[in-house]
Amino acid sequence: MSQTLVIAPLLVALFTAILTLLTRSNDLLTRTVSWLGGLAYVAAVAALFDRIVLPLGSESATVAYQVSNWRAPFGIVLVADALSVFMLGLAAAVSLAALSFAVLYVDSYGQRLTFHPLYHFMMLGVTGSFLTGDLFNLFVWFEVMLMSSYILVLFYGGPKHTRAALNYVVLNLIGSAVMLVAIGGLYSTTGTLNMADLARRLLDPGAYGVDVVPVLGLAGVLFAVFALKAGIFPFQFWVPAAYEAAPAPVTAVLSGVVKKVGVYAIVRLYFTVFAAATLPTSLSLPGLSGTSPLAFFGPVLFLMATASIVVGGVGAVGRENLDTLLAHSSISQVGFIALPLAVAATAPTESLRLLGVVAALVYAFNHGLAKGLLFLVSGTVFSAFGSIEFDDLGGVASRAPLLAASFLVGALALVGVPPLSGFFGKLLVFDVTARATATGAAGAAAALAVALVGAVLTIAYYTRAWNVVFWGERSGVVERALPDRWTVAGDGGVATDGGPVRRLSLTGEMVVVVALAVAVVGFGVGFEGLYVAAESAARAALDTGTYVNAVAPAEVSG
Amino acid sequence: MTEFLLASVLAVLFGLGTFLVLRRDVVRVVWGITIISQSANVYLITMGGVGPGDVAPVVAHGGDPASVTDPLVQALVLTAIVIGFGTSALALVLTYRVYEEHGTIDVYDLGGGQ
């Protein structure tokens, strides 16, 4: 029974997607089914969380479900461990909030057309990526997720959206081809695609006749693909246009969850699987050497992370539009997630490595919630005032104080002000980097300085957004829009579907935004629980042996 | 010999695909991607082994089970072809939509997407 539970979130997402396709004729029914499906998804993830991680602090379980009882490495295998379930928890939280928001926000034509099936297929792809125990299945789940996200980016079909989608589609198709090449190479080198089997073979390459040196290069090719998905420098350039084009709730999921799939894949494959390999001591590249593949990836990730922090931060400062500012901020924040991972990869001690992964996971969780919140605030601003351009906005706080307060909570969480969850995320990132500096790791002091600059930049661009949009004199747009949009239905305002905005849907959007803001505060105040969950997730990520034993791939001769 | 031939074909295909992706015309970019993903498929097939003794994994047609090539890569390629078919169709439709919205499919005229 507990093994079957592993597949539950997948099935829920799949059936919801199909049901929303079947009920397309009735608008209200589609929305209801879709929302209930989102709720059921949260319930399925909660049940899995309860099975794997709870009670907090005790040894977390690792459960593998072999589909149709075909044993790994031959069959399809789904693995739920603390790391997968931690990421699923983030996905479920952000997804339910975004879905509740979308039901009210997306125009009724779009909802009738394709929105709900696409949304749930996207969540299906995300869930599959988190749960799969097979490299090629990871590719397939990526494609499921990307195919839906292509069309969601393209959703409004205007000039801006087609242009952004073109970049997004072309880049990701090239990424997929590169991923196939890496997977093919890994298969021919190691003779398996099952992650647990791969780890087992890399642990004992002699017994299986595996040459580990090519694995390093192929893992590097794969790494570029994951960095593209996560939007880490130098693969970040698709991010702003795509995030600006997609509808606000979709952007919240793209930034809060889909990006984290890339981060998850890096943690899972490099820390659980490839870390098992021991390279010959004779192998060294210019500036890089060591016997673990992580020793080679650490410095590269280091450079990519610090460059992301700076490029994203500097890019965000000068933006004139709320969504593009948030998108550039996303690039910078992913740098903050990658930085502790880089430290963890090069860490000399086990405890520092664990702490690095914990810091990355906590930061990823915080960023998912807070950035999701901010994108939904941006969507609400658009619903209420019909624009998110800085030129049009001003003085929003004086007429929509709750909205302004929610923005402030999200922004402060990313800046890192206690008692919000972001404070602990940032604290851990700086703590890990400082510890690395103390052990004398090369470049750690520079990384610390860059992180500090990044933190200051974060303060700068959010302060600017706050000053321009929420404070100051009310702009003409805000003044004109308010009486119509915040009272009973008026005829002056124009919503995304061209009709007047109903008070009900604006109120509903506000409820979602405020609920998410409360969650951000809640995870900060009750941070202990989040930390313990992240720690067991990090332990699971670093514990290759338990992962292999849980899957227990059959021995293959030849 | 087969290995060498396939390796050369792959090199040409990947090179051609990359060349097309770097063109200004969006349709050529889409064809470039299609060629790159197809060459990734050919590459996958070669990973299953194309030695002189290897025969196609169809036992009923007289192949000796001991000398067949790895059938797994062929299953992978089938999956990849189906996915590639869908994405290529989407990319072509998208190209048409881009033309409708912008009146051009020249990447330089389309601008930076902002």
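**Exercise 1. State how many cavities of 30 Å³ or more the structure holds, and describe the lining of the largest cavity.**

Solution. Rolling a probe the size of a water molecule over the atoms shows where empty space is left. On a 1 Å grid over the protein atoms alone, a cavity is a set of points where a 1.4 Å probe fits but cannot get out, and lining residues have an atom within 4 Å of a point. Grid points are joined across faces, edges and corners, and a volume is the space filled by probe spheres set on the points. Two or more lining residues come from each of α5 (135-153) and α6 (159-190) of chain A and α2 (26-47) and α3 (71-102) of chain B, where helices are DSSP runs (H or I, at least four residues) numbered from the N terminus.

The model is a predicted one, in which local features need pLDDT of at least 70 and side-chain atom pairs count only at pLDDT 80 or more, while totals for chains, interfaces and linings use all residues. Residues are numbered from 1 along each chain as its sequence is written, chains are lettered from A and ligands numbered from 1 in the order in which they are written, and side-chain values use heavy atoms, with hydrogens and water left out.

**Exercise 2. Identify which element gives the most to the lining of the second largest cavity.**

Solution. The second largest cavity holds about 60 Å³ of space. Among the residues that line this cavity are A:Tyr168, A:Lys229, A:Trp238 and A:Leu254. The element that gives the most is α11(A), with three residues.

**Exercise 3. Determine how α11(A) is oriented relative to α21(A), and which residues meet.**

Solution. Axes are lines fitted to C-alpha atoms, for helices over the stretch in contact, and angles run from 0 to 180 degrees between N-to-C directions. The axes of α11 (residues 248-273) and α21 (residues 527-542), both of chain A, come within 7 Å and cross at roughly 55°. α11(A) is therefore oblique to α21(A), since angles under 35 degrees count as roughly parallel, over 145 as roughly antiparallel, 65 to 115 as roughly perpendicular and the rest as oblique. In contact terms (heavy atoms within 4.5 Å), A:Val267, A:Arg268, A:Phe271 and A:Thr272 of α11(A) meet A:Ala540, A:Ala541 and A:Leu542 of α21(A).

**Exercise 4. Decide whether A:Gly422 and A:Ala552 are buried, partly exposed or exposed.**

Solution. Buried means under 20% relative accessible area, exposed over 50%, and partly exposed in between (1.4 Å probe, protein chains only). A:Gly422, in helix α17 (residues 421-438) of chain A, has a relative accessible area of 0% and is therefore buried. Leaving aside neighbours within four places in sequence, A:Gly422 is in contact with A:Asn366, A:Ala413 and A:Gly416. A:Ala552, in the segment after α22 (544-551) of chain A, has a relative accessible area of 33%, so A:Ala552 is partly exposed. With the neighbours within four places in sequence again left out, A:Ala552 is in contact with A:Arg71 and A:Ala72.

Terms used: 1 Å grid on protein atoms, 1.4 Å probe; cavity = no way out; pocket = protein on both sides within 12 Å on 5 of 7 lines; lining within 4 Å.
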